[in-house]
Amino acid sequence: MGNLDTLIQDLVIANRILAREEVVDAYGHVSVRHPDNPNCFLIARSLAPELVGLEDIVELDLDGQPVRPEDRSLYLERFIHAAIFAARPDVMAVVHAHAEDTLPFGIAQGTKLRPVIHSGSFIGTEVPVWDIADNFGETNLLVTNMAQASDLAKCLIAAAITAPTPLMPPSPTLLMPSGLSGLGASSVTSTSTAGVSRAVERGGHAAPPRVIAP
Ligand SMILES: [Zn+2]
């Protein structure tokens, strides 16, 4: 089995695991950069992650457009993945989800998302928050074009540049509030396996600062 076939198989498994662990609901999605062409990425067509199979994986360019003619619907928020892959050449996998464990931290003013044990430390000391309302005003809370998605990706670039300490890396996670409705969270990693693991860990091993041991 070639590199591409293996990666597509992994991506299908990633969809199923993230659905099983309730990290993604019917609207979340996971993607991986194409192994042979860094200017493209692989993601499922618009489909609930728990139903994704090999035949559902499509190849998109960094504008979020299908590389080959595609009649099937695509995720409306696929631009999030395209813009992050374009802005961060080091990123090989992206998970965008609306996991309920993280949603409150996108809108809480005084309580930040913080790691509480070592396996949650990958989120860093400061998780950036991007609010679509800041530059795009009132919307339907979906990231539906490259202008919005590129604005979002700038937050992850800034986080990567300002590494807090040698032991706590820049956050690979971005929270996305808007008004009173949580948009969700986007996470980036160097491999799809790490992406699945961290997306699951992010929900279970992060909490408000009040529970951090002294
Ligand atoms: Zn979303």
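A residue counts as buried if 20 or more other C-beta atoms lie within 10 Å of its own, as exposed if there are 12 or fewer, and as partly exposed in between. Keep that in hand as we walk through this structure, which is a predicted model.

Take E22 to begin with. You'll find E22 in the loop between α1 and β1. Its C-beta has 14 neighbours inside 10 Å, and because that falls between the two cut-offs, E22 is partly exposed. The backbone here deserves a look too: E22 isn't a glycine, yet its phi is positive, at about 60 degrees. For context, most residues other than glycine have a negative phi.

With 16 other C-beta atoms within 10 Å, L141 is partly exposed, so the same cut-offs settle its label.

Now for the inside. The largest nonpolar core has 39 residues, and the members that touch the most others are L11, L42, A83, I84, A149 and L152. Who supplies this core? At least two residues each come from the helices α1 (3-20), α2 (78-87) and α5 (146-161), and likewise from the strands β1 (29-33), β2 (40-44), β3 (57-61) and β4 (93-97). The top contributor is α2, which puts in 7 residues. Apart from this core there is another one, made of 5 residues, including F105, L113, I123 and V127.

Conventions: Residues are numbered from 1 along each chain as its sequence is written. This is a predicted model: local features need pLDDT of at least 70, side-chain atom pairs count only at pLDDT 80 or more; totals for chains, interfaces and linings use all residues. A nonpolar core is a set of buried Ala, Val, Leu, Ile, Met, Phe, Trp, Tyr and Cys residues joined through C-beta atoms within 7 Å. Helices (H or I, at least four residues) and strands (E, at least two) are DSSP runs, numbered from the N terminus.
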